[in-house]
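Please open the model in your viewer and keep the selection tool at hand. The tour below goes from one selection to the next.

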Amino acid sequence: MKIGGRVNGMKRLLLPAFLLPLVMSQCSCPTDYREVVQPEIKHAADVATLTPCQIEHYGTTLLAHSNDIEITRALLAAGAKPDGKLIVKGMSHNGTALLNATEPAVIKELLQAGASSDMIGGADSRSPLCHACENGHNAKLKLLLDAGADPNQVDSRGTPPLCLAAEDMNAQGCRLLLAHGAKPDLAREEDATAPLLCAMKAEGAPGAHTEAKFAVAQVLLRAGADPQQADAEGCTPLHLAPPELIPMLTAAGADVNARDMKGRTPLFYCNSPQQAEVLLRSGAELNALDQFGNTPFDMVQNAQVKSYLLIRGASSGHAL
């Protein structure tokens, strides 16, 4: 049986998995975690079989994956750190066990053990708060906020928690964040998209989709969100709003003839006759010209919308 190999010109001993605990008891703490077999913990009693080195290597990872209060308590009692190294596919990342925890009792236990509610880490470089917002875990969200997590701390990609909750069309999550001091207009750094526009950009199942967007928009507008705030391309919430949301946005002060960076108003982006009808009834300019001399009639893709605009007296920009 081949048990040896060379790494960087030096001979390395490769041992069967059943011998690793013996080696690990004399911990060499390898930087390549693929060399160390991750223990499998199914019951709290299994924690007693772990060596100190296994606790050192995998304590935080095991805490992150347990989501069981008895296992969590046993690991903490054995010396596992709630914040440390998270091992994902053999790679080591700084992180906290709070990233993966969803059970309220486990979250409370980890917080009491000193876990950081604001630590950004893991394979996707998110904070526990951002992770909760992205996955709709409102019970976790409340526990973290009550523990002092910063509702405005962006993740490694510059995305605030409120944007993630809005994208998830999670009205209750948005309420929790706003009640704890989240800024309603704090935009994503990557493209300057604010929470209200994040909700308009969100995709989801038909039916409940529009209803969920309405609920999120209502929460954000009541908190003072700017209905005119545009992203880096000049797109405002009205440019993407379904027909049911247009009256609410215009009542809050959104300009039905706001132009994006190409000089196009929301009417240019209509994808249903109902949307076009509500925009026109709200004062949209039928034959507005963009920077290239096109009207909404020239640019809409939906044949039904084209027909509706034509009936209402639309013209091509090239005929004006």
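Helices (H or I, at least four residues) and strands (E, at least two) are DSSP runs, numbered from the N terminus. This is a predicted model, in which local features need pLDDT of at least 70 and side-chain atom pairs count only at pLDDT 80 or more, while totals for chains, interfaces and linings use all residues. Residues are numbered from 1 along each chain as its sequence is written, and side-chain values use heavy atoms, with hydrogens and water left out.

Next, select residues 69-77, helix α3, whose buried residues are Ile71, Thr72, Leu75 and Leu76. These cover an arc of only 130 degrees around the axis (taken from the directions from the helix axis to the C-beta atoms), so they lie on the same side of α3. Just after α3, look at Gly79, which takes a positive phi of about 105 degrees.

Then select Leu75 again together with Leu110, Leu141, Leu177, Leu267 and Leu309, the residues that touch the most other members of the 76-residue largest nonpolar core. Such a core is a set of buried Ala, Val, Leu, Ile, Met, Phe, Trp, Tyr and Cys residues joined through side-chain atoms within 4.5 Å.

Finally, centre on Leu177: beyond its neighbours within four places in sequence, its contacts (heavy atoms within 4.5 Å) include Leu129, Cys133, Leu141 and Pro161.

Technical notes
Buried < 20%, exposed > 50% of the residue type's maximum accessible area, 1.4 Å probe, protein only.
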